[in-house]
Amino acid sequence: MTFDLWGAAYQIMDGRCSGDGFRAFRSWLAVTLDRDTLERVLADPDSLADVPAIRRLAGRETHDWAPSEWPQHDVDGRSFEDPAGRPWDFDDPREVARRLPRLGRMFPRIGEVHERGNVHWAAG
């Protein structure tokens, strides 16, 4: 799991993806996606744009999503490795466009402006 995948989850959920939210998102991926799709998403987080469950959310504000539609799953005490790669500013539209062009177009940030640096990662 990488910071780009966290950035994808953050973009899809309109900035509502804390560390706990990312753990729930990773759990959702493991439970929902078949092995080939999961491997493709892990290699290229922007390929989440091809996942039907994600596509169904595009164009709708998060407050219109039913609880069962949120791409999150109960973590059930699972432990996860820290994200790989370098952290980046998920609120920077240029970085989103560069790293996640398809998801950035599918899920434009329609919520309120989020505080810069809202997602900070620290080991431990």
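Student: How should I read W6, as buried or exposed?

Tutor: W6 is buried, with a relative accessible area of 5%. Here is the general idea. Buried means under 20% relative accessible area, exposed means over 50%, and partly exposed lies in between, with a 1.4 Å probe and protein chains only. The model is predicted, so local features need pLDDT of at least 70, side-chain atom pairs count only at pLDDT 80 or more, and totals for chains, interfaces and linings use all residues. Residues are numbered from 1 along each chain as its sequence is written, and side-chain values use heavy atoms, leaving out hydrogens and water.

Student: Where does W6 sit?

Tutor: W6 is in helix 1. Helices are DSSP runs of H or I with at least four residues, strands are E runs of at least two, and both are numbered from the N terminus. W6 is 15 residues from G21 in sequence, with 9.3 Å between their C-alpha atoms.

Student: How many helices and strands does the protein have?

Tutor: There are 6 helices and 0 strands. Read from the N terminus, the order is α-α-α-α-α-α.

Student: How much of the protein is buried?

Tutor: Of the 124 residues, 42% count as buried.

Student: How many residues of helix 1 are buried?

Tutor: Helix 1 has 9 of its 10 residues buried, so it is largely enclosed by the rest of the structure. The buried ones are F3, L5, W6, G7, A8, A9, Y10, Q11 and I12. They pack against helix 2, helix 3, helix 4 (52–55), helix 5 (93–99) and helix 6. Packing here is read through contacts, meaning heavy atoms within 4.5 Å.

Student: At what angle do helix 1 and helix 2 pack?

Tutor: First, the method. Axes are lines fitted to C-alpha atoms, for helices over the stretch in contact, and angles run from 0 to 180 degrees between N-to-C directions. Angles under 35 degrees are roughly parallel, over 145 roughly antiparallel, 65 to 115 roughly perpendicular, and the rest oblique. Here the angle is about 100°, with the axes 10 Å apart. Helix 1 and helix 2 are therefore roughly perpendicular.

Student: Which residues make that contact?

Tutor: L5, W6 and A9 from helix 1 meet G19, F22, F25 and L29 from helix 2. By type, 6 are nonpolar, 1 is polar and none is charged. In this count Ala, Val, Leu, Ile, Met, Phe, Trp, Tyr, Cys and Pro are nonpolar; Asp, Glu, Lys and Arg are charged; the others, Gly among them, are polar.

Student: What makes up the largest nonpolar core?

Tutor: A nonpolar core is a set of buried Ala, Val, Leu, Ile, Met, Phe, Trp, Tyr and Cys residues joined through side-chain atoms within 4.5 Å. The largest one has 29 residues. I12, F25, L29, L48, I54, L103 and F107 have the most contacts inside it. Helix 1 (3–12), helix 2 (19–32), helix 3 (35–43) and helix 6 (101–106) each supply at least two residues. The largest share, 7 residues, comes from helix 1.

Student: Which residues does I54 touch?

Tutor: Leaving aside residues up to four places away in sequence, I54 touches I12, W28, L48, P71, L103 and F107.

Student: Where is P101 found, and what does it touch?

Tutor: P101 is in helix 6. P101 is partly exposed, with a relative accessible area of 30%. P101 touches D46 and V96, again not counting residues up to four places away in sequence. P101 and D46 are 55 residues apart in sequence, but 7.1 Å apart from C-alpha to C-alpha.

Student: What is the phi of D14?

Tutor: Most residues other than glycine have a negative phi. D14 has a positive phi, near 55°. D14 lies in the loop between helix 1 and helix 2, and is buried at 6% relative accessible area. G15 is in the loop between helix 1 and helix 2 too, and counts as buried at 10%.
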